[in-house]
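Try each task on your own before reading its solution.

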Amino acid sequence: MKRSAVVTRVIDPTPLIAEVKSNEIGAISVFLGTVRDTNDGQSVTALDYSAYTSMAESELSDIVDEAETRFGIHSIIVEHRVGELSLGEVSVAIVTAHQHRQPAIDCAGFVIDEIKKRVPIWKREHYADGSRVWVDPTRRSGATPT
Amino acid sequence: MSTVTVQLFASYAEAFGAPQLEVALDPGSTVGDLVRRIRSLPASASLPPSPRVAVNRKFASADKLIGSTDEIALIPPVAGG
């Protein structure tokens, strides 16, 4: 099982875990990115994500292929949500499975790092004062990664 | 001279006040030529010196030639995750 997608619905990790489960694997690693209530000292009330969807899905697919080769993992599922998200909701889920834990953990880390470098998805933070700002990681100092 | 359509997203779409731009280019123009043309527009003031460009849904280097049927997009700094 190897797939990736940009989705507009709520991401539920439970069925994703079920998708990669098999008797051959001994480890499942799950990374979830979630919406937090502060960023750079600002009080965040919500986020909206937008994407260049066709390219984002192409890049996600490339990342999953690279991860398969690099870590010898054949069970990788990635979903990234777009649209408006409330605090605590899941923005991205990465589920990897392997016979052993380390490749599964390392693979999930690789995938989220690559998403942050090259997948054309953008997020706009909604602040408590009503303003909205597109997040630009290249202009931030001391920004805390998701 | 031909005209290409450049897709804009997120902060770049806000900067230009539109989801796409029509840009006139000489035959044989490259991604670098396109960026220089866009950088000459007043609305580009908030863009970085070398914004990333995608051609046919792949990041493209400055020396890549642009074809008349290529799908071109200007890519703001990504912030997924």
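The exercises below concern a predicted model, and each task is followed by a worked solution.

**Exercise 1. The fold of chain B**

Task: Find how many helices and strands chain B has, give their order, and decide how compact the chain is.

Solution: 
- Step 1. Count the elements: chain B has two helices and five strands.
- Step 2. Read them from the N terminus, and the order is β-α-β-α-β-β-β.
- Step 3. Compare sizes. Chain B has a radius of gyration of 12 Å, close to the 12 Å given by the globule rule for 81 residues, so the chain is as compact as a globular protein of that length.
- Step 4. Finish with burial and contacts. Of the 81 residues in chain B, 31% are buried. Among its contacts with a separation of 6 or more, 43% join residues 24 or more positions apart.

**Exercise 2. Strand partners of β1(B)**

Task: Work out in which sense β1(B) pairs with β2(B), and in which sense it pairs with β5(B).

Solution: 
- Step 1. Start with β1 (residues 2-7) of chain B and β2(B): they pair in the antiparallel sense over six bridges. Within β2(B), B:L21 stands opposite B:V6.
- Step 2. Turn to β5(B), which pairs with β1(B) in the parallel sense over two bridges. Here B:Q7 has B:A73 of β5(B) as its bridge partner.

**Exercise 3. The buried side of α2(B)**

Task: List the buried residues of helix α2 of chain B, see how they are arranged around the axis, and name elements that cover them.

Solution: 
- Step 1. Helix α2 spans residues 31-39 of chain B, and its buried residues are B:V31, B:L34, B:V35 and B:I38.
- Step 2. Look down the axis of α2(B): these buried residues fall within an arc of 100°, so they line one face of the helix.
- Step 3. Recall the general rule: an α-helix has 3.6 residues a turn, so residues three or four places apart point the same way.
- Step 4. Look at the cover, which includes β2 (20-25), β3 (52-55), β4 (58-60) and β5 (72-75) of chain B.
- Step 5. Check one residue, B:V53. Beyond four places in sequence, its contacts are B:V31, B:L34, B:V35, B:A60, B:I72, B:L74 and B:I75.

**Exercise 4. Where the chains meet**

Task: Describe the side of chain A that touches chain B, and say which residues of the largest nonpolar core touch the most other members.

Solution: 
- Step 1. Count the residues: 24 of chain A are in contact with 13 of chain B.
- Step 2. On chain A, the elements giving two or more residues are α2 (53-71), β7 (90-98), α3 (101-118) and β8 (121-127). The largest share, four residues, comes from α3(A).
- Step 3. Sort this side of chain A by class: twelve nonpolar, eight polar and four charged residues.
- Step 4. Move to the largest nonpolar core, with 59 residues, where A:I94, A:V111 and B:V53 touch the most other members. The element that gives the most to this core is α2(A), with seven residues.

Methods
Residues numbered from 1 in each chain as written. Chains lettered and ligands numbered in written order. Predicted model: local features only at pLDDT ≥ 70, side-chain atom pairs only at ≥ 80, totals over all residues. Rg over C-alpha atoms; globule rule 2.2 N^0.38 Å. Buried ≥ 20, exposed ≤ 12 C-beta atoms within 10 Å, placed from the backbone. Contact = placed C-beta atoms within 7 Å. Nonpolar A, V, L, I, M, F, W, Y, C, P; charged D, E, K, R; others polar. Core = buried A, V, L, I, M, F, W, Y, C linked by C-beta atoms within 7 Å. Arc of directions from axis to C-beta. Pairing = 2+ DSSP bridges.
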